[in-house]
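This briefing goes through one structure by topic. Please look over the sequence and the coordinates before reading on.

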Amino acid sequence: MFSYLALAALLFAIGLFGVITRRNTIGILMSLELMFNAANINFVAFNKFLAPAGLTGQMFSLFIIVVAAAEATVGLAIVLLLYRNWRGINTDNISIMKW
Amino acid sequence: MEPVAVAEPTVGIAFWILAAIILMSAFMVVSLRNIFHCALFLILCLFAVAGIFVLLNAEFLAAVQVLIYVGAVSILIIFAVMLTSDLASKKILQTNENALVAFFVCLVFAMGALVLVVNTSIWPYATQMLPEDNVAAIGKLMMTDFMLPFEVVSILMLAALIGAIMLAREERA
């Protein structure tokens with residue numbers, strides 16, 4: 001089980017690096033998906049090795065996947081809106097929230 | 001469904017190959033300059049995660065991963081990349097000035113997490129195995145114990161759909 005947890009930790013760290021460093025909003029969303037996947041690997045590994053009776057970990061990962069899909073939908077709609085209004089989607093150009 | 005009896009060394013080799021693919025492609029996702037190539041490597045990474053799910057006896061979850069992530073979310077991301085043009089060129093710097101600091105923060109996080117994982121030996125390991133027909137068990141759970149979250153998540157999906165349409169709609173008049 002250690003190897004699964006270590007894999008998830010490394011994947012999460014890589015995703016965190018992407019979220020912090022990306023200037024591109026779509027890049028940030030992709031790194032977020034990596035972090036969601038790290039969490040999912042953890043849930044399923046714990047489900048298999050620690051509590052196989054209830055399948056709760058797998059159910060939780062299912063709901064995480066659905067919520068991540070919803071998040072990606074809304075996030076990419078926001079990205080398109082930003083692109084239409086600012087002609088670019090880099091985070092350092094978009095610094096105002098209202099005007 | 002007939003459970004596939006896989007020998008332990010085979011699982012080990014498959015795990016290491018999948019882990020290498022996942023980490024390499026995840027690194028490509030956060031480091032490549034061409035955002036379109038990043039999206040392609042993201043697909044590879046998600047596919048390998050589905051393989052990890054198979055190794056962990058979560059076949060239904062692996063199928064859902066391939067259908068939703070590889071099938072839907074990746075297509076959405078590629079559409080967004082293509083609709084927001086002039087991003088996929090090599091000239092544009094894709095990282096901001098936080099890169100060095102972020103690298104060390106993530107290094108510290110990863111090291112801390114690894115040390116914690118390796119040094120923790122009090123996991124209450126279960127004695128029994130996973131039920132063999134996972135998929136049927138998940139279906140039953142979805143309609144009994146997890147009925148309320150299931151319905152709430154459907155409403156969330158509906159809200160996300162309507163919200164995305166509202167956001168991306170062209171303003172007229």
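The points below cover confidence, the two chains, their interface and a few individual residues.

The structure is a predicted model, with scores of ipTM 0.86 and pTM 0.84. Chain A contains 3 helices and 0 strands, and chain B contains 6 helices and 0 strands. About 6900 Å² is buried between chain A and chain B.

**Confidence**

- Chain A has a mean pLDDT of 84, and 87% of its residues are at 70 or more.
- Within chain A, helix H2 (residues 25-49) has the highest mean pLDDT of the elements, at 90, while helix H3 (residues 56-86) has the lowest, at 87.
- Chain B has a mean pLDDT of 82, with 87% of its residues at 70 or more.
- Within chain B, mean confidence is highest in H2(B), at 91, and lowest in helix H4 (residues 99-119), at 84.
- Where pLDDT is low, the predicted coordinates should not be read in detail.

**Chain A**

- The order of elements along the sequence of chain A is α-α-α.
- Chain A has 99 residues, and 62% of them are buried.
- Of the contacts in chain A with a separation of 6 or more, 57% join residues 24 or more positions apart.

**Chain B**

- From the N terminus, the elements of chain B follow the order α-α-α-α-α-α.
- Chain B has 173 residues, of which 32% count as buried.
- In chain B, residues 24 or more positions apart make up 59% of the contacts with a separation of 6 or more.

**Interface between chain A and chain B**

- The contact involves 67 residues from chain A and 82 residues from chain B.
- Of the area buried between chain A and chain B, about 6900 Å², carbon and sulfur atoms account for 79%.
- Helix H1 (2-21), H2 and H3 of chain A each contribute at least two residues to the side of chain A that touches chain B.
- H3(A) gives the largest share of that side, with 23 residues.
- Sorted by class, the side of chain A that touches chain B consists of 48 nonpolar, 14 polar and 5 charged residues.
- The interface of chain A and chain B has 6 residue pairs in polar contact, counting pairs with both residues at pLDDT 80 or more.
- The number of salt bridges between chain A and chain B is 0.

- Arg22(A) sits in the loop between H1 and H2 of chain A.
- Arg22(A) counts as buried because its relative accessibility is 1%, under the 20% cut-off.
- A polar atom of the Arg22(A) side chain is 2.8 Å from the backbone oxygen of Val29(B).
- The backbone oxygen of Leu32(B) is 2.9 Å from a polar atom of the Arg22(A) side chain.

- Ala110(B) is part of helix H4 of chain B.
- With a relative accessibility of 5%, Ala110(B) is classed as buried.
- Neighbours within four places in sequence aside, Ala110(B) contacts Leu10(A) and Ala13(A).
- Ala110(B) and Ile13(B) are 97 residues apart along the chain, and their C-alpha atoms are 23 Å apart.

**Ser154(B): a side chain beside a backbone oxygen**

- Ser154(B) belongs to helix H6 (residues 147-168) of chain B.
- A polar atom of the Ser154(B) side chain lies 2.7 Å from the backbone oxygen of Phe150(B).
- Ser154(B) is partly exposed, as its relative accessible area is 32%.

- Asn57(B) is not a glycine, yet its phi is positive, at about 65°.

Technical notes: Residues are numbered from 1 along each chain as its sequence is written. Chains are lettered from A and ligands numbered from 1 in the order in which they are written. Side-chain values use heavy atoms; hydrogens and water are left out. pLDDT is the predictor's confidence in each residue, from 0 to 100. Helices (H or I, at least four residues) and strands (E, at least two) are DSSP runs, numbered from the N terminus. Contact means heavy atoms within 4.5 Å. Buried area is the accessible area (1.4 Å probe) that two parts lose on being put together, summed over both. A salt bridge is a side-chain nitrogen of Lys or Arg within 4 Å of a carboxyl oxygen of Asp or Glu. A polar contact is a pair of N or O atoms within 3.5 Å; within protein, one must be able to donate a hydrogen and the other to accept it, and residues adjacent in sequence count only if both atoms are side-chain atoms. Ala, Val, Leu, Ile, Met, Phe, Trp, Tyr, Cys and Pro count as nonpolar, Asp, Glu, Lys and Arg as charged, and the others, Gly among them, as polar. Buried means under 20% relative accessible area, exposed over 50%, partly exposed in between (1.4 Å probe, protein chains only).
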